[in-house]
Amino acid sequence: MKQRFNAFLTLSFVLVLFTVGFGQKTSTAVSKVVSHADEKVDSTPKKAVRVEDIEKDISEALTVIQNNYAGQKSINYNDLFKTSIDSMLHTLDPHSNYFDAKEFEQFKTDQSSRYFGIGATIGDLTDEKGNVVATYIKATFDGAPANRAGLRYGDKIVSVNGQSMLGKPFSDVRNFLRGPRGTEAKLVVERLGTGKRETIDIIRDAVSQPSISEIYMIKPGVGYMNMNGGFNQTTYAEFAAGFRSLKAQGMQQLVLDLRNNGGGLVSQAYRVANSFLQDGQTVFTQKGRIDGVTVPYRAENPAPDRSPVVILVNRNTASASEILAGAMQDHDRALIVGENTFGKGLVQNPFQLDYGSMLLLTIAKYETPAGRLIQRDYSNGDLYNYYTEGGSFRDESADDPKPTGPESKTDAGRAVYSGGGINPDVVVKPRTIPIERARFQAKLANPVFAFAMDLVAGKVPGFDAYKVLKPITYDYDLRKSDFPITEPVFAAFKKYATTKYKYAPVQIDHEREFVERALRTELVTAAYGAETANQVFNDYDDQLQKAIELLPQAKALAAEGFKANSATSNAKMPSN
């Protein structure tokens, strides 16, 4: 413990010295403080903060805690150290963070676009009284251990390694299914089709978790990529392979979806931008802590793709994804559609520490090609407001805040602004519903899931076409004719929900769109997997449908960008 504590102190000193030395200018001038006329002027020079003093204070504070604390919680030294370091870092900025050894291992796993487990999506079912019945398999991933073991949609997870899973929500069951690579998960499952119980031994392994969840032709000539998994080590390779596949299928225009992409490895975002920007065009500039020191990163592609591009963004589009969107906007290479992005333009670098921990420390800021700073203001130090009211959870119904930062110009002369993330060229708000209705839909999802399992198993008379008898067909492009929710199917569900779950028929009719979407999603998941099932939701996505409509505008914008860049390039050529 003493060794760990000393390491904690050493880290504390480094960060405190960083704060004192670079957070503000130091001064040796005499401090004069006058509050009232009868008070004396304090002319005593301020005592410099020394490492020894900080070490003594922290050591004494910990000793007092050890000897005197008598609250309800026992002292967890890892939590104590982590909270202390995080609090210290957050006085610098919102994005510098400390990772203990366990968190650092998870961080590295996430960056590799994989996790360790059995490779299945799961979901729980609640009965008409609101009690969790069990957790079920919904889909497996291609080639994953669960897929090789033959697990199918609707298989009930009875137990894992001898512990009953009945009555447990899926979040609890998931923790039992995940584990170190090479370890055994002994499952007892109750098969949907037969009701028989089987014991299945599965060896946990690495499960691919692609950062691009959807790549398909959303309509003739139009490709779609959903890059909502962040920028990880495999992102560009996924992008390049997907782009070639779409081109082979006749793609002429692309919708690149960066909504809910929280960022990640900037090198991967750079490589995606490099696919579209012309040789020599700036992708972003990194500005270090020393004034005047900047490092520009320019495209190196003599033959970039010239397809029209629309990029979708929202309030959860952050960091590396904002760099990509900003580069494409500043060069008029893509039309940006959606909402204002989050506004994170700080560069973090990982510093590995003793005992397997890691410090993710801000070392620089990013600028877009036009010289815009992406980072939102955080000078008031209110971390809660930064992430909620000012960030991801700001009022959906309110208009996005108008840009207040300095104005810059794109290559074609359009005005863009600094300091508030990336402002879309065309604002399109997401469709929202009241919280009460969202809660009702969450409850209604249970009879939808239960009825879907009956359909898949062939237990609903007259609907044999909805039975799923074979394993998942992966990489399938959904068609309108696949599992349509017809009037007879909807009527059968309404009867089921009103009889078993005691809903009123008018409630089901009021939520018809939700029922049709959710029920078809379940059926597609059973037949084609979780990735293909996302395509069902895209038909109801107003922002995505608007993005497709705006592709002609993106084409015109790109032409203006090419023209402006050509004029600039010609002006720079030497004359004879």
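This tour moves through a predicted model, one selection at a time.

Residues are numbered from 1 along each chain as its sequence is written. In this predicted model, local features need pLDDT of at least 70, side-chain atom pairs count only at pLDDT 80 or more, and totals for chains, interfaces and linings use all residues, while side-chain values use heavy atoms, with hydrogens and water left out.

**Confidence**

Colour the chain by pLDDT, the predictor's confidence in each residue, from 0 to 100. The protein has a mean pLDDT of 88, and 88% of its residues reach 70 or more. Next select residues 1-41, where pLDDT stays under 50. The model has 53 contacts beyond four places in sequence for this segment, a contact being heavy atoms within 4.5 Å. Where pLDDT is low, the predicted coordinates should not be read in detail.

**The patch at I75**

Select I65, Y69 and I75, which form a nonpolar surface patch with about 240 Å² of accessible area together. Accessible areas come from the Shrake-Rupley method with a 1.4 Å probe, and for residues only the protein chains shown count as cover. A patch takes residues with over 30% relative accessible area and no salt bridge, joining like charges within 9 Å and nonpolar side chains (Val, Leu, Ile, Met, Phe, Trp, Tyr) within 5 Å; a salt bridge is a side-chain nitrogen of Lys or Arg within 4 Å of a carboxyl oxygen of Asp or Glu. I75 sits in the loop between α2 (51-68) and α3 (77-90). Helices (H or I, at least four residues) and strands (E, at least two) are DSSP runs numbered from the N terminus.

**D142**

Move to D142, in the loop between β4 (132-140) and α5 (145-148). D142 is exposed, at 56% relative accessibility; exposed means over 50%, buried under 20%, and partly exposed in between (1.4 Å probe, protein chains only). Beyond four places in sequence, D142 contacts N147 and Y474. The C-alpha atoms of D142 and Y474 are 6.9 Å apart, although 332 residues separate them along the chain.

**S319**

Select S319 in the loop between β15 (309-313) and α9 (320-330). S319 is buried, with a relative accessible area of 7%, and it touches G262, G263 and K344, not counting residues up to four places away in sequence.

Most residues other than glycine have a negative phi. Finish at Y355, whose phi is positive, about 65°, and at F483, with a positive phi of about 50°. Y355 is partly exposed at 39% relative accessible area, whereas F483 is buried at 12%.
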